[in-house]
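Let's take a walk through a protein chain together. Keep the picture in view and follow along as we go from one place to the next.

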Amino acid sequence: MKKLFFFIFLLGFSFVFVSTQNVDLIDIDFDSIDSIFGEPSAETPAQEETPKTETVSVVQSLRRRGLEFDFSYAFRGTVNPGWVDYYPWEQNSSGNFTWAPAIKMSSAIGINARISDAFRVQSVINFAIPGTFPYISLGNFFFDYNFLDKVFLRAGKAEQKWGISTNFSFTNLLSRIPDNGPSGPSYLIRLDVPVGVGGLQLLAQTRSDIAAGKNLSIDSIGFGGKYNLALQWADFNFGAFYQKEMATRAFLSVKTTLWDFEVYNEWLAAFNTHTDKEVSFAFNLGFLRSFINNKLDVNAEFFYNREGRSLLFKPETDYELIGTTPFLGGINAAVNLLYRFDGWGNLRLFTRFLYGDDSFSIVPGIRITPFQNLEIYFALPMAFGNGYYKTAFKDARNDIKPFSIMLYVTLSGNVRASYYY
């Protein structure tokens, strides 16, 4: 009995990571720890229907004409026994304490069509229940065009990310939105030009939802550029982005390896030309390293923000709907730990610590993959202090609570088929 109690306690303590995903100010997704440490999902790698006798080089595979189809599915279920009035997919609890389950089924069809050596089109159509009737939404939909291997064009509906940090994405200037302006999916025109040991990227982007019939104006379009310099000893990125009614921002990111530590440092300058004409800044310093024969991964980051409560746009994912997250001013910090166990179940223990605004969140967690395509999470997020992380935890009566619990199960996978001519 004591061993069983200890196991249940350990399971509960370790699975805290998941539940906080729907608390806007905590902004933790189910995959955030996995993405930090490059953890694969339970999804089985898809198999292409290429004849075994056919030998195709990398260059030929990039240039050959044809169609690729990707069919993916996911069945997800959660149980959140009260304490927090945040359910996945906006399913709120009916009382202060409930064992009501939340279930979601989703699928997607992706088509990657290579029309010629230079022209490629990609589109994704999503279907999800629960969702907004008729339950069908458009995912990525864009085309790529190659001008003589010198200039690469992409245009359409696609999310683009800048910056390094996965804890505080303050240098991802393309996700910044004005206080009073469009905050929909990203529609962009992007040019990539290889230059020496790096490359130049220029783009124009709007977050007016064109597919939903939103009006497009020049004021809703932002313009930016980024240059990457990839040296042997360090990787540099310089970028800037301008949009009317929003601060003009520029950033510098540096990433290198020192004594087996992957170290990164980012700086941001914001010029509020549309308001008080002031200049503000932010910077971070972080590292990532593996220990104990790559079983233990550690990521830590310090973030100082003088820009105040700027908004970051969050696109819709399998776990969350479209939303925004503020950047907390002053001193912020994050620590992420991941430990891998060998053997059946691919057990992962992980913990995330976040600090900001005189409050902090501790989110330990477990991910278990007992069978192919099946993932099980259990979470117990906790928050302390007097600021945002603490006040985000509220029950159905709007009372602040110190922790929550969530059990999350997902069954997912995909199948790919291809036809070339």
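This is a predicted model: local features need pLDDT of at least 70, side-chain atom pairs count only at pLDDT 80 or more; totals for chains, interfaces and linings use all residues.

Is phenylalanine 75 buried, exposed or partly exposed? It is partly exposed, because its relative accessibility is 41%, and the label "partly exposed" covers values between the buried limit of 20% and the exposed limit of 50%. Tyrosine 73 gets the same label, because its relative accessibility of 33% also counts as partly exposed.

Now look at the two rings together. A search of the whole structure finds 22 aromatic pairs. Tyrosine 73 and phenylalanine 75 form one that is tilted, with 6.2 Å from centre to centre and 45° between the planes.

Where does the patch come from? At least two of its residues are supplied by each of the strands E1 (66-79), E2 (101-114), E3 (119-129) and E4 (136-147). With a relative accessible area of 32%, tyrosine 135 is partly exposed, because 32% lies between the 20% and 50% limits.

Next, find threonine 410, in strand E21 (residues 406-420). Threonine 410 is buried, because its relative accessibility is 2% and buried means under 20%. Which residues does threonine 410 touch, leaving aside its neighbours within four places in sequence? They are Phe75, Arg76, Asn373, Leu374 and Glu375.

Take phenylalanine 168 as an example: beyond its neighbours within four places in sequence, its contacts include Phe303, Phe327, Ala333 and Leu354. Elsewhere on your tour, look for the cluster that ring pairs build from Trp267, Phe281, Phe283, Phe302 and Tyr304.

Finally, step back to the whole chain. It has four helices and 21 strands, and buried residues make up 43% of its 421 residues. Among contacts between residues at least 6 apart in sequence, 56% join residues at least 24 apart. The accessible surface comes to about 21800 Å², and 62% of that belongs to carbon and sulfur atoms.

How values were computed. Residues are numbered from 1 along each chain as its sequence is written. Side-chain values use heavy atoms; hydrogens and water are left out. Buried means under 20% relative accessible area, exposed over 50%, partly exposed in between (1.4 Å probe, protein chains only). Contact means heavy atoms within 4.5 Å. Rings of Phe, Tyr and Trp (its six-membered ring) pair if their centres lie within 6.5 Å; planes under 30 degrees apart count as stacked, over 60 as edge-to-face and the rest as tilted. Accessible areas come from the Shrake-Rupley method with a 1.4 Å probe; for residues, only the protein chains shown count as cover.
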